[in-house]
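Reader: I have a new model open and would like to go through it. Can you take some questions?

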Protein chains: 2
Amino acid sequence: MTGIVDVAARAGVSVATVSRALRGLPGVADTTRKAIQQIAAELDYVASPSAAGLPTGRTGAVAVVSPVARGWYFTAVCEGAQDVLTANGYDLLRYELSEMETDRHRVFDTQLLRKRVDALLIASLRLTHDEVTALHAMNRPVMVVGPVVPGSPCVRVDDVDVGRLATGHLVRLGHRAIAYVGGNPDDRLGFPVSPARHAGYLQALESAGIEPDPALTVPSKFRANDGVNAFAELCARNVSPTAVFTVSDEVAMGVMHEARRRGLRVPEDLSVVGVDNHDMSWLFGLTTVAQDVREQGRIAAATLIERLRTGIEHETSVTTMPTSLIVRSSTSRPAGARP
Amino acid sequence: MTGIVDVAARAGVSVATVSRALRGLPGVADTTRKAIQQIAAELDYVASPSAAGLPTGRTGAVAVVSPVARGWYFTAVCEGAQDVLTANGYDLLRYELSEMETDRHRVFDTQLLRKRVDALLIASLRLTHDEVTALHAMNRPVMVVGPVVPGSPCVRVDDVDVGRLATGHLVRLGHRAIAYVGGNPDDRLGFPVSPARHAGYLQALESAGIEPDPALTVPSKFRANDGVNAFAELCARNVSPTAVFTVSDEVAMGVMHEARRRGLRVPEDLSVVGVDNHDMSWLFGLTTVAQDVREQGRIAAATLIERLRTGIEHETSVTTMPTSLIVRSSTSRPAGARP
DNA sequence: CTGAAAGCGCTTACAG
DNA sequence: CTGAAAGCGCTTACAG
């Protein structure tokens, strides 16, 4: 591997000059800089981040931390972040946190603390108190995508509004028996997204003068098979909603699947609306409240880079991204309703 | 940040002893080691990878390189790799290569060459000749998941067999007009997966004494909307297959969607079989040739770690993973066929 | 079993 | 505008 001394030797200058020239620092003669760049290119020389990081304390890398990423959502956040990080010459370190506290401990104390990254992007994670403390102790810029975490700026959508939008759509179609599927109460590591969407759901019902029926709210995590189980639970309760609002599109897909398996038609017998505009939602004709998750990842990464560059801590800011209702074929008026 | 000198001072030993004790090297008194470990834990000390990497040349990180990862497949490979990397104390660097040569250049020459990783896991990427050369010049263990790349060990499935399995299933059901959707001829960066599956398709037809009709083979990349377009193309050609074998599950989903949009029933009018057993395939009742992609990622990562540990280059090995046909509700006998 | 010291490949005051 | 030299935080022969 060619090192800085090789370049310096070939250029007939000191390593200090090479270092300055290649990093675009001022105080290098233009001709000198050109010559050095030329030679570095020929030699395929790139400074070793390990060596460069020792004196500066900078690593040139950013961590993206998320729960074990069996989901479209986290992949999308990552993709967005990767876009802007790569464009700015940063590397992306990927950390997945399991739900088991012991494994989380390993990542937090052993991997993350290793001064390996300049900044952290936390995706939709509810952290324990100790973890938040550890995070701040690392003294690196942190950005959260999804939930609001005390003390850290974040990018998110207004989840209460999301719930209102989705439920309002169903109400306007004429539905009154509307179920909510989402928010597992014993998911300690979940995040306050589902409760917020549920609150929006309740608000929309109230605005329409509909008395909410607690039996119509069923817990669920975020994946399709959670939706299957939730809808089965709904049936077991012997309630018959004409519409369901689910916490995510994947859950909505599961609900649709289970409903059809039980002989219900969507949307004739059951309207379903999800959240996300998942890459595959169009395949299901799913009506959904869309959010641009990739863009959230991009913005979070860009903000981190900006803070790294300027050193300025934009006081704990919350960036709220827009959402929009996309109506497809999974929702309609309830059976027998008059326009 | 506490450094090794802090630990040494507190323990009343030299930094050399701390270094040896913490890394489990022999030649440290048991009581000394225990004491040092205790203190390191109290102080939350972990060696800086930058500093440790300088003298050793090791980084403790592995790169996972894949095409811009808008796909379930790459996410799954990553997840598998992350499992075993984290368990072994390695960090995972994620690199996405675009299809544009200039952007690829940036990743290859600027990011990857930066001696930032100890080993590379390449996921389903056809590399240009220059890129393969650059890869070998890096002189780091490389492992490929997916296609066979000359000079590098890989983990893969037998794609010819995959094609035979899927097509054989359709043949046995009584289909004779079977289409193949996959393999975009002008996808220069694609990989030889689709041609292999196509070859298996042709073999299965031949075994059954069916003359292949070139009009029944339609190019397609790997995503759902590619399947939509491909099926539309098939219809435009005025051919009427009773069954379609697609290069991936996502493509199969697109084909099913477009077929239904045109009034065809699946499987009554059209049988569809895909490849992967995508996380969502069950939602579509999709018959598929299953492969365990996460496991492939795990094996690739484990092999890399093994090679890093022992320094032994297992001569260019090809690990072929099993596949299996999963029959669901997207395939049946063709209309009018007798059992 | 332990320590003193050189060295890994850079960056950054400090001189000139 | 350029260079000599110290130093970043570790690891690793080499002595003892």
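Reader: Which element gives the most to the surface near DNA strand D?
Author: α4(B), with five residues. Helices here are DSSP runs of H or I with at least four residues, strands are E runs of at least two, and both are numbered from the N terminus. This is a predicted model: local features need pLDDT of at least 70 and side-chain atom pairs count only at pLDDT 80 or more, while totals for chains, interfaces and linings use all residues. Residues are numbered from 1 along each chain as its sequence is written, and chains are lettered from A and ligands numbered from 1 in the order written.

Reader: Which residues come nearest to DNA strand D?
Author: A16(A), L54(A), I4(B), A16(B) and S19(B), out of 24 around it; a residue is near if its C-beta atom, placed from the backbone, lies within 6 Å. The elements giving two or more residues are α2 (15-22) and α4 (49-56) of chain A, together with α2 (15-22) and α4 (49-56) of chain B.

Reader: Switching to the sheet, what is the strand order?
Author: β7-β6-β8-β9-β10-β12 in chain A, an open sheet with mixed pairing; two strands pair if DSSP finds at least two bridges between them. β7 (217-218) and β12 (324-326) of chain A are the edge strands, each pairing on one side only.

Reader: How many bridges join β10 to β12(A)?
Author: Three, and the two strands run antiparallel. T288(A) stands opposite I326(A) in β12(A).

Reader: And how is chain A divided into domains?
Author: Domain 1 is 4-47, domain 2 is 57-155 + 293-320 and domain 3 is 159-291, with bounds from an automatic or database domain assignment. The C-alpha centres of domain 1 and domain 2 of chain A lie 34 Å apart.
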